[in-house]
Protein chains: 2
Amino acid sequence: MVRTADAEDGLITPVCSIFRRFLKRQNLRFTTERALILEAVMSKADVFEADDLYAEMRGAVPESRGAGEKPTTVSRATIYRTLKHLLEAGIIREVLIDSGKAHYAQSFGGRPTGHLVCVETERIVAFPTERLDALMREICAEHGFEPVSHRLVVYGVSPEASAADQG
Amino acid sequence: MVRTADAEDGLITPVCSIFRRFLKRQNLRFTTERALILEAVMSKADVFEADDLYAEMRGAVPESRGAGEKPTTVSRATIYRTLKHLLEAGIIREVLIDSGKAHYAQSFGGRPTGHLVCVETERIVAFPTERLDALMREICAEHGFEPVSHRLVVYGVSPEASAADQG
DNA sequence: CTTGCTGCAAAAGTTTTGCACACGT
DNA sequence: ACGTGTGCAAAACTTTTGCAGCAAG
């Protein structure tokens, strides 16, 4: 949709500066590993988990690294540590798909998002949840709470799965 | 609270028969341990986790067990195994509060329920979500999904916490 | 240079599983 | 009796942490 940006990196460059600013503000450093993780995160269209990033980075040298000689192997520890920062920076958010494992997704400009999960294929589709705002406020008001945020996961059967069930 | 056995148990007895029927249907057995776990589950007003049940059953002999000589110590393994059956039987449901640990709540007659979580005190309030049904269907329709269920967690600041912040 | 960062490996926390024995039905 | 269930302890998994060396600013 949006063209321009700084270069053809599209999404990556702006988010990258956001992260850099965030890190600087906290006296943290923008390291090679953090850059790689951010890149891997931005390459994920949908929901991902820590181990997806780990797998993605094993061996595969991302093109944007130009003359990539860096080993491109980031330890799990660093991934977990960086995910925390990305959460704090508001670049990603946690999506509660199931307990036992953390799931994350890019937070598109902080727009509230829900996720539609196919119970058969496990395909996940994100959708905006602004239309729930009034209801959220209503629910909070009924209990005297002040709304902060919400997480919505809708389970259903995707069209592909329905089709497969038929044939 | 709880009186004797079959009669005035209020909540427990009906759920108990539901569970027994469920087990029988699957050729599974209604054991002392499963009865104890069900009792512990029904005693929880709100959201609980596996370890809550374990803690609750250590030593405390539930009154309803009459002449309780049974050790009333149920292993964690059995708790986890039984929770699976209770889920399948529809007696409890998983509540996605955070990843890394499973949270459960009684499912009141299968009525869809959301949870309001105070981000400061961690108090959790359940609320019915029927009023979201139309919206859920709408969202599913937009993506060609067939709705199955949903999970909603709303985060907010409880009245107590707000009050504490003031004073 | 100073301070924070990384990788490794060990630890921690939750949930699962193999096995020998015990118990509902 | 038969087939399940249970407890124990070990295993499996995800995530966290201590530490020695490394690197960003």
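The structure is a predicted model.

Start with the layout of chain A. The domain assignment places domain 1 at residues 1-110. Domain 2 covers residues 112-167. Nine residues of domain 1 of chain A take part in the contact, and ten residues of domain 2 of chain A join them.

Now look at the area involved. The two domains of chain A bury about 860 Å² between them. Carbon and sulfur atoms account for 53% of that area. On the side of domain 1, look for A:Arg93, A:Leu96 and A:Ile97. These three supply 50% of the area that domain 1 of chain A buries against domain 2, more than any other three residues.

Strand E2 (residues 92-95) of chain A gives the largest share of the domain 1 side, three residues. By class, that side of domain 1 has five nonpolar, one polar and three charged residues.

Move on to A:Ser158. This residue sits in the loop between strand E6 (146-157) and helix H6 (159-166) of chain A. Is A:Ser158 buried or exposed? A:Ser158 counts as buried, because its relative accessibility is 0%, and the cut-off for buried is under 20%. Its contacts reach into two chains. Leaving out residues up to four places away in sequence, A:Ser158 touches A:Cys118, A:Thr121 and A:Arg123, along with B:Gly144 and B:Phe145.

Technical notes. Residues are numbered from 1 along each chain as its sequence is written. Chains are lettered from A and ligands numbered from 1 in the order in which they are written. This is a predicted model: local features need pLDDT of at least 70, side-chain atom pairs count only at pLDDT 80 or more; totals for chains, interfaces and linings use all residues. Side-chain values use heavy atoms; hydrogens and water are left out. Domain bounds come from an automatic or database domain assignment. Contact means heavy atoms within 4.5 Å. Buried area is the accessible area (1.4 Å probe) that two parts lose on being put together, summed over both. Helices (H or I, at least four residues) and strands (E, at least two) are DSSP runs, numbered from the N terminus. Ala, Val, Leu, Ile, Met, Phe, Trp, Tyr, Cys and Pro count as nonpolar, Asp, Glu, Lys and Arg as charged, and the others, Gly among them, as polar. Buried means under 20% relative accessible area, exposed over 50%, partly exposed in between (1.4 Å probe, protein chains only).
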